Amino acid sequence: MEPPEDREGRSFVEVINEKYSPENFPYRRGPGMGVVVVPTAGLQGSPMKDRLNLPSMLVLNGCGISKAGDQAEIAAFCAHVIELDLSHNNLQDWQEINKIISSIPNLEFLNLSSNPLAGTTLEPQCAEAFSRVRRLVLNNTQISWDTVMLLTQNIPELEELFLCLNEYSSVSASSVACPTLRLLHITDNSLHDWAEVGKFGSMFPSLDTLIMANNNLASIQDNKDILARLFPNLRRINLNNSGLNRWEDIEKLNFFPKLEEVRLQGIPLLQPYTKAERRNLMIAQLPSVSHLNGSVVTDSEREDAERFFIRHYLDCPEKELPFRYHSLITKYGKLEPLAEIDLRPRCRAQVEVHCEEKVEQLCIRLDQTVAELKKQLKTVVQLSTNSMRLYYIDKDSAFGPEELKYNNRALHSYSIQDGGEILVVPKTK
């Protein structure tokens, strides 16, 4: 039978006492790691510090924490802590989280991912404890969108917010904006309607980076004016594995005034194309984007892509031509199709075979060796293979006959062309 304290879960104070005790971490092991044991003679402030001196970045993930413990001890231990990872614990009461957070006055980063917070209620007075946090991670907590909004309204300098794996299919707009948020990471949810995404623009007017891969977004429905108004500062967007299937949606990305970096892998629109075609078509459609799928777009690559784009649509009916085609025609003119050049080695050549007074027209395989050619000529010139020497004469060359002296060498390595001559000379005894 488990002791009561195990059934009730462990406290934050218990875990830091255990993990950062001098016995477990007697030395500092680098920035943010280990502990320093402070000698008694040098003590200042709380008497608790003769036992522990925690690093400024606490990693307490997966420790079974379900409650805070003594707030006075938390305050004594953690006055200097700026980052706290409490992911994969068993915190399911905002009151207990409030006791921990309110006792850490300098906290800037908080990770509560994978704590069972679904259906829990955050009271406004508890939300105030988060006011100093700048980066907040709430992945896989299933907290309600109302709770998210309450938190953002009580964190005046929030810069980064992570809300992945929370099963959001819709969001509600807030009457109070969060003007400081720069990064919203909301991958692996169920957002399919662009109207929901548009709400992020009014809620987070300074948004710089929007990462929403692995959602079900089907299209971008707003027009140029609305997109420019909602996302005036957006520089990066990740739409990997969304449901975009129209080139019109890609063209609309040009309506974000400051967009520079785009990730668009795994969308249905691009499936029919090769990897090279996908990149060329995307670069040509997005003239202001400097990074595509994590790679820099160079000036020369952009020019090649834009020329490829023109040729790709040369035979397309006028009414089906994308808008970008016309602007590129203005830039480069209407390009001719590239000549199709077959770089494979030629397989055969038509040559004249000369042996003394005899001349024969012969088609020879260029992938065979000199020895195999001799066997082919054996019946033509009535000589054994050991009794003949072969020379190739290129009529357009000024260098004269070239002896085919190496039996194992392939004929195509001698650059034999149609109209050339093979001279067979009997060996003298």
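Author: Helix α2 passes α3 in a left-handed crossing (left-handed if the near helix is turned anticlockwise from the far one by less than a right angle, right-handed if clockwise). This is a predicted model, where local features need pLDDT of at least 70, side-chain atom pairs count only at pLDDT 80 or more, and totals for chains, interfaces and linings use all residues. Residues are numbered from 1 along each chain as its sequence is written, and side-chain values use heavy atoms, leaving out hydrogens and water.

Reader: Ok, which residues of α2 and α3 meet?

Author: Phe12, Val13, Ile16 and Asn17 in α2 meet Glu73, Ile74, Phe77 and Cys78 in α3, with contact meaning heavy atoms within 4.5 Å. By class, there are six nonpolar, one polar and one charged residues (Ala, Val, Leu, Ile, Met, Phe, Trp, Tyr, Cys and Pro are nonpolar, Asp, Glu, Lys and Arg charged, the others, Gly among them, polar).

Reader: What about α11 and α12, who touches whom there?

Author: From α11, Glu303, Glu306, Arg307, Phe309 and Ile310 meet Arg324, Tyr325, Leu328, Ile329, Lys331 and Tyr332 of α12. That contact divides into six nonpolar, no polar and five charged residues.

Reader: Switching topic: what's the strand order in the open sheet?

Author: The order is β15-β14-β18-β16-β17, with mixed pairing; two strands pair if DSSP finds at least two bridges between them. Strands (E, at least two residues) and helices (H or I, at least four) are DSSP runs, numbered from the N terminus.

Reader: And which strands stand at the edges?

Author: β15 (358–365) and β17 (402–403), each with a single partner strand, so one side of each lacks a neighbour in the sheet.
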